[in-house]
Amino acid sequence: MEYLVLDPATGPNATHTNDHIARFLEDHLDQFGDKKEDILKCLAYAFDQRRGGFVVLAVEDGAILGAVVVNLTGMDGYIPENILVYIAVDRNQRGRGLGKGLMGKAIEKAKGSIALHVEPDNPAKKLYEALGFTNKYLEMRLLR
Ligand SMILES: CC(C)(COP(=O)(O)OP(=O)(O)OC[C@H]1O[C@@H](n2cnc3c(N)ncnc32)[C@H](O)[C@@H]1OP(=O)(O)O)[C@@H](O)C(=O)NCCC(=O)NCCS
């Protein structure tokens with residue numbers, strides 16, 4: 001198993017295309033997922049030189065076992081520099097440390113603070129807390 005880090009400098013991967021990554025995430029995000037078209041927008045943003053971000057993939061024998069996608073906000077100080085938008089591990093590969101490994105690579109690669117959203121009842125919250133994430137704020141949205 002290896003971790004691949006993709007960003008605007010490397011460009012998207014010829015084997016693990018944005019479409020392939022989006023299909024993986026749509027499938028394995030479970031009830032925390034988004035539509036494929038929205039996941040593709042997030043990937044396009046990450047690879048856009050003027051916006052930016054990165055993708056970390058856990059890959060074994062040519063198959064994606066896990067993926068994390070981070071977008072840069074373009075801000076710092078008053079708003080974290082990075083938003084971790086998606087993380088998922090293949091549902092048949094969970095519990096063997098891949099989620100922790102992907103988060104570790106993302107934290108290593110990101111410059112500055114990282115924000116993420118997690119539902120209060122998602123077990124992933126324990127993973128984030130173990131890595132030092134805290135929730136000082138209650139997020140509120142005006143949906144339109
Ligand atoms: C969250 C997710 C990425 C974790 O991946 P994973 O490879 O199973 O995680 P790991 O094996 O690295 O586990 C790391 C830690 O996470 C916690 N954890 C992960 N899954 C857990 C579960 N189902 N119940 C309780 N704790 C869990 C544990 O604290 C574990 O720490 P430990 O190794 O000390 O026991 C994976 O469960 C997943 O893809 N879930 C569906 C998508 C999702 O919820 N994404 C996050 C949206 S915010």
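A nonpolar core is a set of buried Ala, Val, Leu, Ile, Met, Phe, Trp, Tyr and Cys residues joined through C-beta atoms within 7 Å. Buried here means that 20 or more other C-beta atoms lie within 10 Å of a residue's own; 12 or fewer makes it exposed, anything in between partly exposed, and C-beta atoms are placed from the backbone. The model is a predicted one, with local features needing pLDDT of at least 70 and side-chain atom pairs counting only at pLDDT 80 or more, while totals for chains, interfaces and linings use all residues. Residue numbers start from 1 along each chain as its sequence is written.

The largest nonpolar core holds 31 residues, and Val55, Ala67, Val68, Val69, Val70 and Tyr86 have the most contacts inside it. Two or more residues each come from helix H1 (18–28), helix H2 (36–47), strand S2 (53–60), strand S3 (63–72), S4 and H3. S4 hands over the largest share, seven residues. (Helices, H or I with at least four residues, and strands, E with at least two, are DSSP runs numbered from the N terminus.)

Next comes the sheet. Its five strands form an open sheet in the order S1-S2-S3-S4-S5, with mixed pairing; strands pair if DSSP finds at least two bridges between them. At the edges sit strand S1 (2–6) and strand S5 (114–116), each pairing on one side only. On average, neighbouring strands are turned by 25 degrees against each other, direction ignored. Axes are lines fitted to C-alpha atoms, for helices over the stretch in contact, and angles run from 0 to 180 degrees between N-to-C directions. H2 packs on the sheet, touching S2, S3 and S4, and its direction makes about 65 degrees with that of S3. S1 and S2 pair in the antiparallel sense over five bridges, and Leu6 has Val55 in S2 as its bridge partner.

Ala88 lies in strand S4 and counts as buried because it has 25 C-beta neighbours inside 10 Å. Leaving out residues up to four places away in sequence, Ala88 touches Leu25, His28, Leu29, Gly66 and Ala67; contact means C-beta atoms, placed from the backbone, within 7 Å.

Finally, the ligand is surrounded by 21 residues, the closest being Arg94, Gly99, Lys100, Pro123 and Leu127; surrounding residues have a C-beta atom, placed from the backbone, within 6 Å. Strand S4 (82–89), helix H3 (98–109) and helix H4 (124–130) each give two or more residues to this shell, and H4 gives the most, with four.

Note on methods:
Contact = placed C-beta atoms within 7 Å.
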